[in-house]
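Subject: Structure handover

Hello,

I am passing on the structure we spoke about, so that you can look through it yourself. My notes on what was found in it come after the structure.

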Amino acid sequence: MSSTDVPTREELVRRVAELAPVLKKHSAWQEQNRRVHEESIEALADAGVFKLRRPQRHGGYEADTRTLVDVATEIGRADGSTSWVASVYWIPTWMACQFPEAVQDEVFATPDVRICGTLSPSAMAAPVDGGVVVNGKWGFISGALHAQWQEIIAILVPPEGEPYPIMALVPISDLLIVDDWDTSGLRGTGSVSTVAQDVFIPAERVLPLPAVLEGQGGASASIYRAPLLPVASASSVGTLVGMARSAQDTFLKRLPDRKITYTAYESQREAPITHHQVAEAALKIDEAGFHAHRLSTLVDTKTADGTPWKLEERAIARADLGAVVRRAKEGIDILASASGGSSIYHGIPIQRIARDVAAVNLHALMHPNTNTELYGRVLCGLEPNTLYI
């Protein structure tokens, strides 16, 4: 695929914006059935969403992370769970491009291939002739129900030396899916658990995780040579901005027809408290967008110029991730608390948005306090106390 065949960022955003009616109409079904609707998956595929991080030589777009932010924002404005799953697919797809070309040829032979994944090393790997055998279980595997491959993390125990984490690619058909996703938020993501029982993985589909974390997986194109965590952070944040924009849209749409019960205000928009709430929420949401775009600009600039990443730059990427999550939740919470008693009914979208953003705030790698602490630690001249930076 030539660069002239790759849609512009504006075109991709326009495509997903046009999907809003389809994505919105399935939100309630997804909540009830705990997975993304098939029609939504097909719509995302038709819009090219699953090609954004696919290599151009395999018909992909090799889009920058600013494009990911803007596309995810628009999807998230229609439905948070759908946007979350799309964003999650982008990260393991990028990780798959760290493997040798023969492995990529196998993986990307499937049109619009979807790769789910994890960074949790909750499995063990034993070396055998020609590869490794893996046993273990991974939770929170968003999008597994619609994926063809899973990127896994396991601890390899070699015959000699210290154990170390590996990253590998496994056909989803080699894994057992455990339908245990029954949660208060992000219900529509279908983030089930997967289990490996004596799964053999050939050596060519195994890489040492530290190399991938450092952006040293051997990829050829520049967008695949950055450190993993800044890339993953920039891939994730658009969904939060989209959720916050959706809450704002929902609140303002209901506002003219709502009165404040037991007061003289026949319209909520006449009350000064509403003016403060709407403005404060809007500023929080704008701040979320600022941090999302500062993060993507950092990743894209470093990718383009090819200069080594400084420790502080890697820490601020995590900090911007946490800031987006925090500001989005703060903005949504203001609007949710101002939405009145009727908003607790399931038919009102803002209660779902509030539950979804609360769930994101609990995610181990997205938790605002965790990311802020890491940034502050680096600013204080200390070494990071995690490999995930």
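The protein chain has 13 helices and 8 strands. Its radius of gyration is 21 Å, close to the 21 Å that the globule rule gives for 389 residues, so the chain is as compact as a globular protein of that length. Please keep in mind that this is a predicted model. Along the principal axes, the C-alpha atoms fill a box of roughly 80 × 45 × 45 Å. Of the 389 residues, 57% are buried. Among contacts with a separation of 6 or more, 72% are between residues 24 or more positions apart.

Val-16 is part of helix H1, which spans residues 9-17. Is Val-16 buried or exposed? With a relative accessible area of 1%, Val-16 falls under the 20% limit, so Val-16 counts as buried. Leaving out residues up to four places away in sequence, Val-16 touches Ala-47, Val-49, Val-71, Glu-74 and Ile-75. Gln-104 is 88 residues from Val-16 in sequence, and their C-alpha atoms are 27 Å apart in space.

Helix H4 covers residues 38-46, and its buried residues are Ser-40, Ile-41, Ala-43, Leu-44 and Ala-45. These buried residues pack against four helices: H2 (20-25), H3 (27-33), H5 (65-78) and H6 (80-96). After H4 comes Gly-48, which has a positive phi, near 90°.

The largest pocket has a volume of about 950 Å³. Its lining is made of 38 residues, and the closest to the pocket centre are Trp-84, Phe-140, His-363, Ala-364 and Leu-365. At least two lining residues come from each of H6, strand S3 (131-141), helix H9 (228-254), helix H11 (311-337) and helix H12 (349-361). Which element gives the most to this lining? That is H6, with 6 residues. By class, the lining of the largest pocket has 22 nonpolar, 14 polar and 2 charged residues.

The second largest pocket holds about 510 Å³ of space. It is lined by 22 residues, with Lys-24, Ala-78, Thr-250, Pro-349 and Arg-352 the closest to its centre. Here H2, H3, H5, H9 and H12 each supply at least two residues, and H9 gives the most, with 5. The lining of the second largest pocket divides into 5 nonpolar, 7 polar and 10 charged residues.

Salt bridges

Side chains of opposite charge can pair when their charged atoms come close. The count for this model is 20 salt bridges. A few of them are described below.

Asp-179 and Arg-34 form a salt bridge in which the closest N and O atoms are 2.8 Å apart. Asp-179 sits in the loop between strand S6 (176-178) and strand S7 (192-202), and Arg-34 in the loop between H3 and H4, so this pair ties together parts that are 145 residues apart in sequence. How accessible are the two partners? Asp-179 has 53% relative accessibility and counts as exposed, while Arg-34, at 22%, counts as partly exposed.

Another salt bridge joins the side chains of Asp-320 and Arg-294, at 2.8 Å from N to O. Asp-320 belongs to helix H11 and Arg-294 to helix H10 (residues 272-305), so the bridge links distant parts of the chain, 26 residues apart. Asp-320 is buried, with a relative accessible area of 1%, whereas Arg-294 counts as partly exposed at 34%.

Lys-302 and Glu-313 make a further salt bridge, with 3.0 Å between the closest N and O atoms. Are Lys-302 and Glu-313 buried or exposed? Both are buried.

Regards

Note on methods
Residues numbered from 1 in each chain as written. Predicted model: local features only at pLDDT ≥ 70, side-chain atom pairs only at ≥ 80, totals over all residues. Heavy atoms only, no water. Buried < 20%, exposed > 50% of the residue type's maximum accessible area, 1.4 Å probe, protein only. Contact = heavy atoms within 4.5 Å. 1 Å grid on protein atoms, 1.4 Å probe; cavity = no way out; pocket = protein on both sides within 12 Å on 5 of 7 lines; lining within 4 Å. Points joined across faces, edges and corners; volume = space filled by probe spheres on them. Nonpolar A, V, L, I, M, F, W, Y, C, P; charged D, E, K, R; others polar. Salt bridge = Lys/Arg side-chain N within 4 Å of Asp/Glu carboxyl O. Rg over C-alpha atoms; globule rule 2.2 N^0.38 Å.
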